[in-house]
Amino acid sequence: MDEINELIEQRIKKLEELRQNGIEPFGGAFYAENHANDLHNEYSSMTKESLEENKITCSLAGRIIALRDFGKAAFAHIQDTTGKIQLYFRKDLLGEKYSFVKKLLDIGDIIGLTGRLFRTKTNELTVEVNDFVFLTKSLRPLPEKWHGLKDIETRYRQRYVDLIVNPEVKQAFIKRSMIIKAIRDFLESKGFIEVETPMMQPIPGGATAKPFKTHHNALNIDLYLRIAPELYLKRLLVGGYERVYELNRNFRNEGISTKHNPEFSMLEFYIAYRDYNFLMSFTEELIPYVAEKTLGTLKIQYGDDIIDLTPPWQRLPMLEALESKGVPSEIFNDYEKARAWAIEHRIEINKNMSHGKVLDEIFKEMVEPFLIQPTFIIDHPVELSPLAKRKSDNPSLVERFELFISAREIANAFSELNDPMDQRQRFQKQVEAKAQGDEEAHWMDEDFVRALEYGMPPAAGEGIGIDRLVMLLTNSQSIRDVILFPQLKPEQ
RNA sequence: GGGCCGUUAGCUCAGCUGGUAGAGCAGCUGACUCUUAAUCAGCGGGUCGCAGGUUCGAAUCCUGCACGGCUCACCA
């Protein structure tokens with residue numbers, strides 16, 4: 001941390017001077033009766049004259065964010081959780097205490113006050129302060145009023161300052177909260193219950209990703225931070241819950257970028273006796289519901305695009321999507337041709353990649369960038385989806401969809417594989433891939449197979465990346481703008 | 001991990017082909033009872049990211065490192 005500088009020293013002196021005057025600079029509870037924006041809303045129609053006649057008193061608590069001193073009177077702005085409002089301090093009203101405003105009150109200090117509402121000659125609703133108390137003396141100067149805090153690194157490292165001085169940042173996180181609440185409300189209304197399954201797992205499963213490893217001392221075992229809750233949620237289907245969801249953190253030990261944070265929020269939900277077709281319609285209901293609740297519209301701006309969330313959305317089999325971009329269909333059933341095509345088109349592949357994986361790489365290059373409007377890509381190759389149910393008319397494909405919006409995967413869902421023998425074989429294949437050096441291949445999870453052996457009802461499950469959904473709905477270009485404390489290297 | 005860019009006062013930024021650091025805001029002192037970028041007068045404030053190197057002389061040129069941004073690779 002930086003050393004005490006002159007500006008902080010000055011403020012410590014003021015703090016001591018307050019104490020010498022018998023004033024505690026760090027106060028306790030203050031039950032304000034009002035908030036800034038409520039006052040603006042409530043009295044917006046009240047004229048200067050009627051405010052004078054009615055003598056409306058109020059009390060507020062918040063942070064001083066601007067201060068203009070005139071000698072025997074001063075204007076300030078105070079900011080609380082709702083917004084800001086102007087204050088007017090007068091010597092003839094405050095007497096001795098006015099000198100504290102003049103000498104000892106700083107921008108950044110938190111005060112509580114009582115006063116009377118009036119309008120200035122420019123008609124700004126203002127509180128004439130009758131009395132005030134120091135609640136918190138601020139020792140560090142805030143960024144300047146004009147340009148504010150711009151430095152991106154400081155904004156992320158000291159998010160608290162970012163939130164004080166950049167109202168739109170605060171707003172984005174309020175929106176995030178609303179989005180998550182809307183999702184929960186929707187799922188609850190459809191009969192889902194929220195559950196919590198282990199974040200620390202002995203076998204990290206349910207996704208293809210590199211996990212974080214940790215160690216439990218008392219048990220003397222290695223544990224992994226979960227990369228997905230999937231396998232535990234499906235155990236709950238075995239247990240008899242028919243509709244469950246979990247909305248919480250996943251952890252993946254991979255690169256950090258504008259689209260990736262090591263810990264990120266994921267919604268996963270599972271519904272018994274349904275399939276992926278049901279979930280497509282369900283998703284066409286869920287996401288518009290959330291957009292309507294939080295933005296009030298289904299036409300949203302993201303970057304340069306206007307995205308129309310009005311359902312229904314296009315449903316496009318993966319192989320058809322490839323064909324539509326000029327990928328020849330003969331590579332779909334011919335591994336060597338697929339490899340050759342990829343190499344010819346400078347798509348990076350490696351020896352370990354299965355046929356399905358090669359097709360997926362081609363898809364990411366040739367198709368994904370064009371999926372701006374909501375599109376379900378359906379029926380993926382089975383190698384890509386070791387936990388999904390095969391299509392009855394084509395066992396090389398699975399009943400799966402990925403929802404793309406603005407060239408990003410927003411949701412991933414499939415009819416769940418509930419055949420324990422097929423599941424065991426697919427795990428086995430993954431174990432072999434792992435032995436071949438595929439760090440992200442699934443592990444064998446014997447207990448999960450055992451659960452399936454008891455019988456899991458036919459079911460469909462879906463995952464939605466919450467951070468990416470929030471990015472979409474808040475028009476944020478970086479995941480760091482929707483995560484309060486994004487992961488950064490430590491200072492120094 | 002690769003490439004490109006950035007890091008100068010509390011904040012936002014200037015600082016040319018190398019000559020020894022500036023502004024605005026914030027702060028301090030003073031004046032001012034309707035300002036809102038208040039105004040006016042005066043004052044203080046710097047490890048120029050860190051470490052080396054070149055040079056008579058480095059914020060400036062070179063090398064390495066740190067942190068950050070964008071981007072590519074990997075992924076959600």
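This note walks through a predicted model of a protein chain, point by point.

1. **Ground rules.** The model is predicted, so local features need pLDDT of at least 70 and side-chain atom pairs count only at pLDDT 80 or more, while totals for chains, interfaces and linings use all residues. Residues are numbered from 1 along each chain as its sequence is written, chains are lettered from A and ligands numbered from 1 in the order in which they are written, and side-chain values use heavy atoms, with hydrogens and water left out.

2. **Overall form.** Chain A has 16 helices and 20 strands; these are DSSP runs (H or I of at least four residues for helices, E of at least two for strands), numbered from the N terminus. Along the principal axes, its C-alpha atoms fill a box of roughly 90 × 55 × 50 Å. The radius of gyration is 29 Å, whereas a compact globule of 492 residues would come near 23 Å. That radius is taken over C-alpha atoms, and the globule rule is 2.2 Å times the number of residues to the power 0.38.

3. How much of chain A is buried? Of its 492 residues, 48% count as buried, a word used here for under 20% relative accessible area, with exposed meaning over 50% and partly exposed in between (1.4 Å probe, protein chains only). The chain exposes about 24,900 Å², and carbon and sulfur atoms supply 50% of that area. Accessible areas come from the Shrake-Rupley method with a 1.4 Å probe, and for residues only the protein chains shown count as cover. Among contacts with a separation of 6 or more, 66% are between residues 24 or more positions apart; contact means heavy atoms within 4.5 Å.

4. **Ser59, a buried serine.** Look for Ser59 in strand β1 (residues 57-69). Ser59 counts as buried because its relative accessibility is 6%. A polar atom of its side chain lies 2.7 Å from the backbone nitrogen of Glu33. Beyond its neighbours within four places in sequence, Ser59 is in contact with Tyr31, Ala32, Glu33, Asn34, Leu113 and Thr114.

5. **Helix α9.** Is this helix enclosed or open? Helix α9 (residues 230-239) is largely enclosed by the rest of the structure, because seven of its ten residues are buried. Those buried are Glu230, Leu231, Tyr232, Leu233, Lys234, Arg235 and Leu237.

6. The structure holds 37 salt bridges, each being a side-chain nitrogen of Lys or Arg within 4 Å of a carboxyl oxygen of Asp or Glu. One of them joins Arg90 and Asp92, with the closest N and O atoms 2.7 Å apart. Arg90 is partly exposed at 27% relative accessible area, and Asp92 is exposed at 59%. Another pairs Lys181 with Asp185 at 2.7 Å, N to O. Both residues of this pair sit in helix α8 (residues 167-189), four residues apart, which is about one turn of the helix. Asp185 counts as partly exposed, with 32% relative accessibility.

7. **A buried salt bridge.** The side chains of Glu246 and Arg226 meet at 2.9 Å, N to O, in a salt bridge. Glu246 belongs to strand β10 (residues 243-251) and Arg226 to the loop between β9 (221-225) and α9, so the pair ties together parts 20 residues apart in sequence. Both partners count as buried: Glu246 at 2% relative accessibility and Arg226 at 1%. Elsewhere, Arg11, Lys14, Asp106, Asp109 and Lys137 form one network through salt bridges that share partners.

8. **A nonpolar patch.** Which residues make the nonpolar surface patch of about 330 Å²? Tyr160, Leu484 and Phe485 do. A patch takes residues with over 30% relative accessible area and no salt bridge; like charges are joined within 9 Å, and nonpolar side chains (Val, Leu, Ile, Met, Phe, Trp, Tyr) within 5 Å. Leu484 is found in the segment after α16 (466-474) and is partly exposed, with a relative accessible area of 36%.

9. **Ile203 and its surroundings.** Ile203 lies in the loop between β7 (200-201) and β8 (213-216) and is partly exposed at 24% relative accessible area. Leaving out residues up to four places away in sequence, Ile203 touches Trp443, Met444 and Asp445.

Definitions and conventions. A polar contact is a pair of N or O atoms within 3.5 Å; within protein, one must be able to donate a hydrogen and the other to accept it, and residues adjacent in sequence count only if both atoms are side-chain atoms.
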